[in-house]
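Please view the sequence and the model together.

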Amino acid sequence: ENNIIGIILAGGKSSRMGADKSLLTLPDSQQTLLEHCHNQLALMCDNNIFISGSQHEQGIADVIPNCGPLSGIHGAITHIKKYHSNISELLVVAVDMPDLNSDDFKCLVKMGRNNHSLCSFENCFLPLYIPLSINVTEYLDAVLKPHSDDKLIKPKQRQYSVKMMLNSLQGIQIQPLK
């Protein structure tokens with residue numbers, strides 16, 4: 001039974017580009033980045049796909065905003081645990097990585113399943129396979145919880161990184177497919 005859900009992180013502010021990246025079209029097709037990403041994930045996730053980003057129709061809003069990809073992952077997991085408690089695995093993808101395809105995703109999921117761990121490619125933290133059996137929720141709750149003494153720290157300096165999550169939860173990184 002396929003209890004894996006795809007999460008497309010498309011909630012970025014696109015401050016560098018000035019436009020919503022997910023709606024840009026690919027040069028050789030009329031597909032937007034979001035549609036393309038959705039189609040590549042659909043095969044792996046049996047069309048069970050959520051979009052992170054409140055600006056999208058049906059998009060999942062961040063529970064704790066402004067922490068980058070972790071906000072999106074945390075928001076999606078919170079939503080899934082509440083409404084889809086049978087789901088045991090996530091495959092998290094950034095909307096702006098059009099070169100990835102379903103073979104890459106299959107490879108990540110397979111390795112992650114075999115090792116019962118978070119799994120990404122080397123030197124690249126998205127896409128990310130997340131088995132929900134691992135204490136991801138506890139980790140994210142702890143990292144994202146605003147602490148009263150944090151007012152002095154600029155948000156940029158806080159360590160909201162997928163890399164740290166992967167390391168803290170003993171995730172693995174694998175060679176990308178050639």
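Which residue is the bridge partner of Leu 90 in S5? The bridge partner of Leu 90 in S5 is Ile 130.

## Basis of the model

This is a predicted model, in which local features need pLDDT of at least 70 and side-chain atom pairs count only at pLDDT 80 or more, while totals for chains, interfaces and linings use all residues. Residues are numbered from 1 along each chain as its sequence is written, and side-chain values use heavy atoms, with hydrogens and water left out.

## The sheet

Six strands form an open sheet in the order S2-S1-S3-S5-S4-S6, and the pairing is mixed. The edge strands, S2 (49-52) and S6 (172-174), each pair on one side only. On average, neighbouring strands of this sheet are turned by 25° against each other, direction ignored. Angles run from 0 to 180 degrees between N-to-C directions, and axes are lines fitted to C-alpha atoms, for helices over the stretch in contact. Helices (H or I, at least four residues) and strands (E, at least two) are DSSP runs, numbered from the N terminus. Two strands pair if DSSP finds at least two bridges between them.

## Strand S5 and its partners

S3 (residues 89-94) and S5 (residues 124-131) pair in the antiparallel sense over four bridges. Glu 89 stands opposite Pro 131 in S5. S4 (residues 119-121) also pairs with S5 in the antiparallel sense, over three bridges, and Cys 119 stands opposite Tyr 129 in S5. S4 and S5 form a hairpin with two residues between them. In the turn, Asn 123 has a positive phi of about 60°.

S5 is largely enclosed by the rest of the structure, because six of its eight residues are buried. Buried means under 20% relative accessible area, exposed over 50%, and partly exposed in between (1.4 Å probe, protein chains only).

## Two residues of helix H3

Asp 104 is in helix H3 and is buried, with a relative accessible area of 11%. A polar atom of the Asp 104 side chain lies 2.9 Å from the backbone nitrogen of Asn 101. Not counting residues up to four places away in sequence, Asp 104 touches Asp 99, Phe 121 and Leu 177 (contact means heavy atoms within 4.5 Å).

Asn 115 is also in helix H3 (residues 102-115). Asn 115 is partly exposed, with a relative accessible area of 38%. The side chain of Asn 115 reaches the backbone oxygen of Met 111 at 2.8 Å. The C-alpha atoms of Asn 115 and Ile 172 are separated by 8.2 Å, and the two residues are 57 residues apart along the chain.

Definitions and conventions. Polar contact = N/O pair within 3.5 Å; in protein donor to acceptor, adjacent residues only side chain to side chain.
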